[in-house]
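Please consider the structure shown below. The paragraphs that follow take up a pair of helices, then the domains, the ligand shell and some features of the backbone.

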Amino acid sequence: MDFNVPAEHQGLMAQVDAFVADRLLPLEQDPASFDEHENIREDLLEVLRGEVKAMGLFSPQMPRERGGLGLGPVGQALLYERMNRSIFGPVCFNCAAPDDGNMSVLSKVATETQKDRWLQPIIDGQVRSSFIMTEPHPGGGSDPGMIQTRAERKGDRWVVHGHKWYITGAGVASHFILIAKTGEGSRDGLTAFAFHKDDPGWQIVRRIPIMGPEEHGGHCELTFDGLEIPDENRLMEVGQGLKLTQIRLGLARLTHCMRWLGLAQRCMEIANAYVAKREGFGIKLADRESVQMQLGRVAMAIDTGRLLTMRAAWRLEQGQKARPDISMAKIQVAETLHLAADTAIQLCGALGYSQDTKLEWIYRYARQARLVDGASEVHQMVISRAYQGAQTKGQDFFAWGLGND
Ligand SMILES: Cc1cc2nc3c(=O)[nH]c(=O)nc-3n(C[C@H](O)[C@H](O)[C@H](O)COP(=O)(O)OP(=O)(O)OC[C@H]3O[C@@H](n4cnc5c(N)ncnc54)[C@H](O)[C@@H]3O)c2cc1C
């Protein structure tokens, strides 16, 4: 068992820390840094991305031969939480959803020709991307087996008709990954495709208003009425759309956890600074046992999430799917982010409810964590299935080391 940070990551962590502290945290304090959807202004983002590129830290999760640093899941876990000490962090390093997950899946499953066309411009920060899966009723949400958007083969092309919604980033994306129905099987009835925003036959119906701050490009509702996709833009084989989704969502869920752990630590940092100064009824808030218990509870929840996240990252790095591990981390960290923001707001009193700190931003953002990339209840189902499956096969679900993939 070795919980030490590998030497090659220590320098990178220090570089990320310095950039977040020196460049991003001051900008967060300036209302002029924000766009109308409470995210960093695009022109400012371009400047900061240029600085990150100059440091050699842009798209660090991508292979070296494509311009990244070849960080595996463990390295990502170490760096992403530090990036997200700032609400602006991940997108400046090109480590934010949905581009992060889209780059990850394209680098794993696309052909070299497809990578040149669809992946490389995202790595270089020239274009943004979206992942299109969720549909309104009676289409697929938690259950991808219900997907109704259909791609029909016509010669060497596929023609798409359907309806999707909550597609993050669609308003600014140029490259899209679409999951559509191409057959009737519950496991092999879906296929994945790439298409470009300028391809005719689809539109954004609306940008759906949400309760929290938005990613660039928002969360959009789309319709498809005859989009034509050449077969060369099909990703993986016909019928492997669910497999592609699982490959994408496994790591994407975990990278959400990595980032959210950084936001949760930021909440503690703000609350701790407040209670260290603020006095009432003759003593500092920080000296009250009830305050210490609240801070201790959040610190423990964060570290529990970090351990679950790191174990899942390590198992992924060993080539495992780590599905129950990722589900456990996702549930734990989503709840922890909410707990950390809520506790910090309470400890900061009126200041916590104001917009003078980033706590209320994080609090509103945090509510989506229990829904996106699988509702917590669905992840509980995944864990339970893995546990029951291990019992049936006589395996030790709680074994250390590699799991029972
Ligand atoms: C901010 C945001 C960004 C998103 N970005 C994207 C995106 O980029 N691309 C994309 O394709 N989708 C995206 N989504 C959609 C997201 O993936 C879905 O919301 C999620 O998969 C759940 O699907 P649903 O909303 O249809 O909920 P439903 O499937 O309708 O489920 C509703 C609720 O029912 C309960 N439930 C469902 N299944 C079970 C079960 N098996 N056991 C117990 N309870 C259950 C849960 O409480 C769940 O929250 C985004 C959503 C949000 C909120």
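Are α3 and α8 roughly parallel or roughly antiparallel to each other? The model is predicted: local features need pLDDT of at least 70, side-chain atom pairs count only at pLDDT 80 or more, and totals for chains, interfaces and linings use all residues. Residues are numbered from 1 along each chain as its sequence is written.

Two packed helices are described by the angle between their axes and the distance between the axes. Here, the axes of α3 (residues 73-83) and α8 (residues 289-317) come within 7 Å and cross at roughly 150°. The two helices are therefore roughly antiparallel to each other. In this scheme, angles under 35 degrees count as roughly parallel, over 145 as roughly antiparallel, 65 to 115 as roughly perpendicular and the rest as oblique. Axes are lines fitted to C-alpha atoms, for helices over the stretch in contact, and angles run from 0 to 180 degrees between N-to-C directions. Helices (H or I, at least four residues) and strands (E, at least two) are DSSP runs, numbered from the N terminus.

On the α3 side, the contact is made by Pro 73, Val 74, Gln 76 and Ala 77, and on the α8 side by Thr 309, Met 310, Ala 313, Trp 314, Leu 316 and Glu 317. Two residues are in contact if their C-beta atoms, placed from the backbone, lie within 7 Å. By class, this contact has 7 nonpolar, 2 polar and 1 charged residues. Ala, Val, Leu, Ile, Met, Phe, Trp, Tyr, Cys and Pro count as nonpolar, Asp, Glu, Lys and Arg as charged, and the others, Gly among them, as polar.

The protein is divided into domain 1 (7-123), domain 2 (129-239) and domain 3 (242-393), with bounds that come from an automatic or database domain assignment. The C-alpha centres of domain 1 and domain 3 lie 21 Å apart, and 22 residues of domain 1 are in contact with 23 residues of domain 3. On the side of domain 1 that touches domain 3, the elements that give two or more residues are α3 and α5. Helix α3 gives the most to this side, with 8 residues. By class, the side has 10 nonpolar, 5 polar and 7 charged residues.

Helix α5 (residues 99-109) has 8 of its 11 residues buried, so it is largely enclosed by the rest of the structure. A residue is buried if 20 or more other C-beta atoms lie within 10 Å of its own, exposed if 12 or fewer, and partly exposed in between. The buried residues of α5, including Asp 99, Met 103 and Leu 106, pack against α6 (112-123), β1, β4 (175-181) and α7 (241-277).

The loop between α4 (89-92) and α5 holds Pro 98, which is joined to Ala 97 by a cis peptide bond with omega about 0°. Asn 94 also lies in the loop between α4 and α5; its phi is near 60°, a positive value in a residue other than glycine. With 24 C-beta neighbours inside 10 Å, Asn 94 counts as buried.

Around the ligand there are 22 residues, of which Met 133, Gly 141, Ser 142, Ala 375 and Glu 377 come nearest; a residue is near if its C-beta atom, placed from the backbone, lies within 6 Å. The shell draws at least three residues from each of domain 2 and domain 3. Strands β1 (129-132) and β3 (157-168) and helix α12 (376-393) each supply at least two residues.
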